[in-house]
Amino acid sequence: MADITEAERREDAEVPVHASIPSGNDTVWVDVSSLLQLTRRDLQNDELISGENFNLFAAMSALEIMDPKMDSGIVSTYYSVDEAIESGAAPIPLSFDRKFDIQSVIDIMDHLLACEATWHKGGSLAQTVFSCMYLLRPERTSSHALLHSFCRVIRTTCNSIVSAVSDARTNEEEDLFTMAYGLPLKADGDEKCLSMLHAVEETLSRQLKASKAPLSKRRFIEDIEPLQTNLDLEEGFCKAVLCRLRFRKHFYHVLTCLRRPQGKGLELAKKHIASCLPELDSMLKSEGFLRLNCARGTLEDKEDKTTASGCQPIGFDSTLNSRSAAPTPPRAIKLLSWKKAINYFQKLLHDLDILCSYSLDPSYEGALRFVVDIQKFRPDLVARAHIQLLLVQDGKLYGREPIFAVICKAALLPDGAKNHDIQKNETVAQIGQLLITLFRVLCANTAWQRRKLGKILQDWRIIYVQLELAFRKEFGDTASSSIEQNLCLKICKHILIWVEEQTYWIALRFLVLGFELELYSTSEYCMVYWYIYVILIKLAEKTHLKMMLSNDYSRRKSKKKRDLVKDGGKDYQIPPVVLLLQCYIYVAEGLMMMLASLRNENKILLCRGPFNSEQERFIQHFELLQKACLPDHASYYTFRETVAHARFSTLSVHNCFKDAQRIAKELRSSFANDPDRMTELRQIEQVAEHNYVALNLLCRLGTLEPSLKISFEFTHHPHFASASVKRS
């Protein structure tokens, strides 16, 4: 072995080593091995190199060969549906053995559930639900009442969901979702699917009742034809089929109730959701019976099985539509397992239940909080589509409140302002469209939402400038204005402040979503919290100004002049909402200065690397905010000036976390009747408390010992980290 190694060394020594590859006319080749080695050591987990001609978006948009959504394959079992049927791939009846027939129908039901869940998760309709040949030829199942009624309700359900997602326009996230490829989403008679399902359910209920009859009443069983020939198994098969049919019936009712205008069907939808969930539990319980009594023998107990029995279903081929529907990606996709499909529908129903429990708060703030709160549960596409359809109907909030009225209420204007003619102003009308767009964006998934929020920031900034110019042109000198013009001017001032406030709220939402998407590395937390800090200050300022204007107007309207003079001497109470923002300002400032002190004194958590400098990372993260000038004069250089002189000795004198704790405790009484706000306050207190302890420890130590490790974890709040100092 040693001889071989020595020989290899001699051979390597004989090979000439070139400093660079010979260059051509228009190219220069340079050895970058050493640079790549440096990069490999510098890159942390989940980090990606970014340069002038390479970025994450381009990398994610690259065509991946063999990806079933992108790469068109050529393998297919049958040339057409007719050929498959002629080959006996989808027989009717499924079998002349009645036990085998009912088991096969149950397998089809289960596999369709897995197909539907996979479709909801972004798969192609042609490769999932409509890989079932019985759905592609509706007329063939008419002689099989159970299969026929089930296929009808599946088609109608799919059509309802495609309609909801298309109307909500959330399908931009999953381009394949609403593509029907000319498939029979509608068939003659599908509108009667529920009446057919009721008839089959009633027959099955009688069969189940007959199967439970004692031996003394066996004669009664003879009057009702059983599902299959083994009467000892009749009860189990009846229960297995019934729970699947009832789930389908109630789920279809949920979808139709949710589409009723102005949220009028929410209460009824909630009742049907409560009926759906026990049927899913019954489906899970039927697994043991179906596996035990499978006539064909069960397959291996694999985790990815798509039926309760473990058997392959009859009448499916995922490659079938590859020729009949040209845009369909023909490669077979991996379906969710039957159990994962049930888990998916349980989560979907849970998300829809939260939607149905919503009180339809007519205020803008209430609607905004609802969308943000429900997004914490990470609802999937179908749930998000129905959330959006509830929020925005016919250009109104819930189909009830005109958008201008919503804006007036949010801007704390008097009730009569909503009928003012200023709403006919073109720029004011554009604000209404921006608000509708904002609601739609907030209903998107987290990644899509953040991208869109970054883009609409400039729209909000531009509309503010346009609004300001339009109002100046309209009113000019306000000294000689009439009473009507004064009212109009007051409305304009309030709306201008509200637009600014919302712009900063969008900017804050854009920043904090970066934590949920894990876009920031620990070494970048300092700049992120600095930006959150400056945005929060502006947001608190605009919120406070809006409330002061409203309070001033209310006092002037309700009190005499001499009373106003007396009130002027009283101490002004800062509104609780503004104090809550102040809590967040203190936490953000404390985290920023703690991280800056660690960088300055201990030389850790520094943004270093051969590719992206700290300034380049700053631009990459905040470019959209910078383009919108949010806030004015905020730049990398102002960030550097703010954190350059941070020291633990200074932080020990003024501990921001202690101030955040104090205000949070004082606010408990103000939000005692708001459980969501109380939860928010507890989270702030926990973050402030843990960081207060960690900061005191770091201040006492001065220099961080090599054996001590500091980490930042999101254990108490999703966006504000808690510092943890541990001995390694």
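These legends walk you through several close-up views of one predicted protein model. Residues are numbered from 1 along each chain as its sequence is written, and side-chain values use heavy atoms, with hydrogens and water left out. Because the model is predicted, local features need pLDDT of at least 70 and side-chain atom pairs count only at pLDDT 80 or more, while totals for chains, interfaces and linings use all residues.

**View 1. The whole chain, to get your bearings.** The protein chain holds 27 helices and 5 strands; helices (H or I, at least four residues) and strands (E, at least two) are DSSP runs, numbered from the N terminus. Of its 728 residues, 50% count as buried, where buried means under 20% relative accessible area, exposed over 50%, and partly exposed in between (1.4 Å probe, protein chains only).

View 2. Look for glutamine 393, which stands opposite lysine 396 in β2.

**View 3. A strand with two faces.** Strand β4 (residues 708–713) has Leu708, Ile710 and Phe712 on its covered face, and Lys709, Ser711 and Glu713 on the uncovered one. In a regular strand the side chains alternate between the two faces of the sheet. β4 pairs with β5 (residues 722–727) in the antiparallel sense over 6 bridges, and isoleucine 710 stands opposite valine 725 in β5.

View 4. Glutamate 235 and lysine 239 form a salt bridge, their closest N and O atoms being 3.0 Å apart; the term means a side-chain nitrogen of Lys or Arg within 4 Å of a carboxyl oxygen of Asp or Glu. Both residues lie in helix α10 (residues 234–258), 4 residues apart, about one turn of the helix. Glutamate 235 is partly exposed at 29% relative accessibility, and lysine 239 is partly exposed at 41%.

**View 5. A salt bridge between two helices.** The side chains of glutamate 365 and lysine 546 meet in a salt bridge (3.9 Å, N to O). This pair links distant parts of the chain, with glutamate 365 in helix α14 (residues 364–375) and lysine 546 in helix α20 (residues 525–558), 181 residues apart. Glutamate 365 is partly exposed, with a relative accessible area of 33%, whereas lysine 546 is buried at 5%.

**View 6. A buried charge without a salt bridge.** Glutamate 589 sits in helix α22 (residues 576–602). This glutamate 589 is buried yet has no salt bridge, and the nearest side chain of opposite charge, arginine 662, is 11 Å away; Lys and Arg count as positive and Asp and Glu as negative, with His and the chain ends not counted. Not counting residues up to four places away in sequence, glutamate 589 touches Tyr533 and Cys656, contact meaning heavy atoms within 4.5 Å.

**View 7. Aspartate 353 and a partner from elsewhere in the chain.** Aspartate 353 belongs to helix α13 (residues 338–356). Lysine 270 is 83 residues away from aspartate 353 in sequence, but the two are 5.9 Å apart in space, C-alpha to C-alpha. Leaving aside neighbours within four places in sequence, aspartate 353 is in contact with Lys270 and Ile273.

How values were computed:
Pairing = 2+ DSSP bridges.
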